[in-house]
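Dear colleague,

Please find below the structure that I am handing over to you, together with its sequence. My notes on what was found in it follow directly after.

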Amino acid sequence: MEEGSRSGSDRGHDEEVNLGTTDTPAARRAAAPGWRDPRLWVGVAIVAASVLVGAVVLGSSDDTVPVWAAGDSMGAGHVLTSDDLTVRRVHFADDTDAALYLPADRRLPADLRLLRAVGAGELVPEAAVGPAGGESVREVPVSVAPDQVPGAVGVGDTVDVYLRPGSRSGCVASLVCNGLPVLAAVTVLDAPPADEVFGSDGSRMLVLGMSDGDARRFFRLLASTDNPSLTVVGRG
């Protein structure tokens, strides 16, 4: 009986020992994909496509042309300098449209004068400029009461001019009746200091630059108005 019991326990012990010493299978390392592996070529194709798309996007994003734009409002007769202008990069539909504006990749001529007013930030058209000795800009003197013109107005400033008709003539034109300027964005070509007055009434004289058409319209309005008076407003 004892031998049988011992044999059984020994056999159980042996089984336990055998179970505890069973070898664990070695871990298999993932093999690196070879050059024939299709996954490698798919990855290469994706990277190449990404590089190509990026190059196309970057190339198209710089498809712009440098053009001069007005840094501030300027009137007809103003002689342009680089300080008056700023560079804007603009995308044009074709070269014909780009040719309509003053290019900023060429040196600005020294004697360039505005033939018409331009607003702040406006792209400067080629048709709006000309040589200072070219198409004439009218130099029109106007007499303004001292309290109807800012004392700080000086040469090179851009101003609007309003006409106030006399009491007997009333409104003679839609511009006057609607409170609109009879001269808009004109350049002050000459302006004596505010403490220097001219005329017996103490009025201040300004010389304004304007086109022929603006000058003719201005004088027609003055001629049709009884005892007109002017107000000059600076554009800042």
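Arg217 is partly exposed, its relative accessible area being 33%. In this predicted model, Arg217 forms a salt bridge with Asp214, and the closest N and O atoms of the pair are 2.5 Å apart. Both residues belong to helix 5, where three residues, or about one turn of the helix, separate them.

A search of the whole structure finds two salt bridges. The other one joins Asp212 to Arg138, again with 2.5 Å between the closest N and O atoms. Because Asp212 lies in helix 5 and Arg138 in strand 5, this pair ties together parts that are 74 residues apart in sequence. Asp212 is partly exposed at 27% relative accessibility, and Arg138 is likewise partly exposed, with a relative accessible area of 42%.

Helix 5 itself deserves a description. The helix covers residues 212–223, 12 residues in total, and reaches 17 Å from its first C-alpha to its last, close to the 16 Å expected at 1.5 Å a residue. Which residues of helix 5 are buried? They are Ala215, Phe218 and Leu221. Seen down the axis of helix 5, the buried residues fall within an arc of 130 degrees and therefore line one face of the helix. The face turned away from this buried side carries Arg216, Arg220 and Ala223, which are exposed.

Against what do the buried residues of helix 5 pack? Their partners are strand 5 (138–144), strand 6 (158–164), strand 7, strand 8 and strand 9 (229–234). Strand 5 is thus a packing partner of the buried residues of helix 5 and also holds Arg138, which pairs with Asp212 of that helix.

Most residues other than glycine have a negative phi. Ala185, however, has a phi near 55 degrees, a positive value in a residue other than glycine. Ala185 lies in strand 7. With a relative accessible area of 7%, Ala185 is under the 20% limit and therefore counts as buried.

The second topic is Ser203, which is found in the loop between strand 7 (183–190) and strand 8 (204–210). Is Ser203 buried or exposed? Its relative accessibility is 6%, so Ser203 counts as buried. The side chain of Ser203 is joined to that of Ser143 by a polar contact of 2.6 Å. Ser203 can also be placed relative to Val149: the two are 54 residues apart in sequence, and their C-alpha atoms are 9.8 Å apart in space.

Finally, I turn to the aromatic residues. The search of the whole structure finds two aromatic pairs. One of them is formed by Phe92 and Tyr101 and is stacked, with 5.8 Å from centre to centre and 25 degrees between the planes. The angle of 25 degrees is under the 30 degrees that limit this class, so the pair counts as stacked.

Yours sincerely

Key. Residues numbered from 1 in each chain as written. Predicted model: local features only at pLDDT ≥ 70, side-chain atom pairs only at ≥ 80, totals over all residues. Heavy atoms only, no water. Phe/Tyr/Trp six-rings, centres within 6.5 Å; stacked < 30°, edge-to-face > 60°. Helix = DSSP H or I, 4+ residues; strand = E, 2+ residues; numbered from the N terminus. Buried < 20%, exposed > 50% of the residue type's maximum accessible area, 1.4 Å probe, protein only. Polar contact = N/O pair within 3.5 Å; in protein donor to acceptor, adjacent residues only side chain to side chain. Expected span 1.5 Å × (residues − 1). Arc of directions from axis to C-beta. Contact = heavy atoms within 4.5 Å. Salt bridge = Lys/Arg side-chain N within 4 Å of Asp/Glu carboxyl O.
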